[in-house]
Amino acid sequence: MSLDDIKADIKALVAEKGCGPILIRLSWHDAGVYSTGKLTGGCPNAAMRFTDAGEGTFGANAGLPTVALDLLKPITDKYVAAGTISNADLWTLAANVAIESMGGPAIPTRFGRKDAASSAESVESQVGRLPDGDKGTDHLREIFHPKGFTDVDIVALSGAHTVGKCHADRSGFDGKWTEDHLTFSNSYFTEMLAKEYADETTAQGCPQKAHKATGTIMLISDLALLDAPYRETVELYAKDQEAFFKDFTAAWVKLQENGCEGLRDTL
């Protein structure tokens with residue numbers, strides 16, 4: 001069982017189920033709890049596998065311990081159970097294969113992440129570690145700067161919203177960000193700049209912005225990127241997809257490796 005075998009199985013899953021976006025979200029929320037600010041610790045360790053407590057019960061992770069892990073289960077059973085790869089490395093790899101499969105950049109993946117043995121290895125809370133969609137630029141900096149990210153990195157990572165959609169029963173928000181939500185491109189930035197969005201409130205009471213003609217949405221945290229100094233980077237990525245891909249790759253790899261030690265280039 002080789003790395004190429006695992007990649008092929010992930011690629012086939014993404015093609016069959018159209019599940020690339022949730023695999024990206026799984027890796028992001030596994031790794032994104034890392035912080036070095038007022039809160040410390042956290043790393044990609046697949047703690048969401050456990051739903052008795054901890055990260056598997058965080059509201060921000062709704063749908064991940066169920067939908068995402070159910071989709072990955074045949075691959076998990078095949079490779080993790082055999083000791084070929086850890087859950088945490090599989091989640092990382094799955095996101096990266098999904099990004100490339102949907103038209104995005106080829107993301108290098110290193111290996112050696114250790115799986116949590118129980119929910120006790122979770123961080124204490126999502127608060128202060130994972131971003132809220134209904135807040136602005138100050139909140140984004142409070143979340144991302146302690147992870148070692150710059151304002152440019154914040155814009156680049158936000159560009160992952162070029163794929164996927166919000167589900168009201170999970171986040172309270174509802175709708176897709178871009179018209180082609182299964183293609184990884186710079187459309188998040190081009191549509192953000194080209195469209196006029198109106199205020200709306202979802203059935204769950206969450207405020208968001210909607211483009212009525214296409215049914216696409218933006219969150220408050222998305223449109224906050226139109227403020228200075230973020231807007232300059234938004235405009236760059238809208239004009240230059242390769243610049244977006246380059247910056248996204250660098251920031252994304254950093255996100256996936258934060259809090260890890262001794263990673264290697266091979267399984």
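Ground rules first. The model is predicted, so local features need pLDDT of at least 70 and side-chain atom pairs count only at pLDDT 80 or more, while totals for chains, interfaces and linings use all residues. Residues are numbered from 1 along each chain as its sequence is written, and side-chain values use heavy atoms, with hydrogens and water left out.

Helices here are DSSP runs of H or I, at least four residues, numbered from the N terminus. Axes are lines fitted to C-alpha atoms over the stretch in contact, and angles run from 0 to 180 degrees between N-to-C directions.

Start with α1 and α3. Helix α1 spans residues 3–17, and helix α3 spans residues 64–80. Their axes come within 10 Å and cross at roughly 165°. That makes α1 and α3 roughly antiparallel (over 145 degrees). The crossing of α1 past α3 is right-handed, meaning the near helix is turned clockwise from the far one by less than a right angle. Which residues meet? From α1, D5, I6, D9, I10, L13 and K17; from α3, L71, L72, I75, K78 and Y79. Contact means heavy atoms within 4.5 Å. Nonpolar covers Ala, Val, Leu, Ile, Met, Phe, Trp, Tyr, Cys and Pro; charged is Asp, Glu, Lys and Arg; polar is the others, Gly among them.

Next, α6, residues 151–158. Helix α5, residues 137–144, has its axis within 10 Å of the α6 axis, and the two cross at roughly 100°. So α5 and α6 are roughly perpendicular (65 to 115 degrees). L140, R141 and F144 of α5 touch D151, I154 and L157 of α6. Count them: 4 nonpolar, no polar, 2 charged.

Helix α6 also packs on α10, residues 241–257. The angle is about 100°, with the axes 8 Å apart. Again, α6 and α10 are roughly perpendicular. On the α6 side sit V152, D153, A156 and L157; on the α10 side, F244, D247, F248, A251 and W252. That contact divides into 7 nonpolar, no polar and 2 charged.

Last, cysteines. How many disulfides does a search of the whole structure find? It finds 0, a disulfide being a pair of cysteine sulfur atoms within 2.5 Å. C43 itself is partly exposed, at 23% relative accessible area (between 20% and 50%, with a 1.4 Å probe and protein chains only).

How values were computed: Angles under 35 degrees count as roughly parallel, over 145 as roughly antiparallel, 65 to 115 as roughly perpendicular and the rest as oblique.
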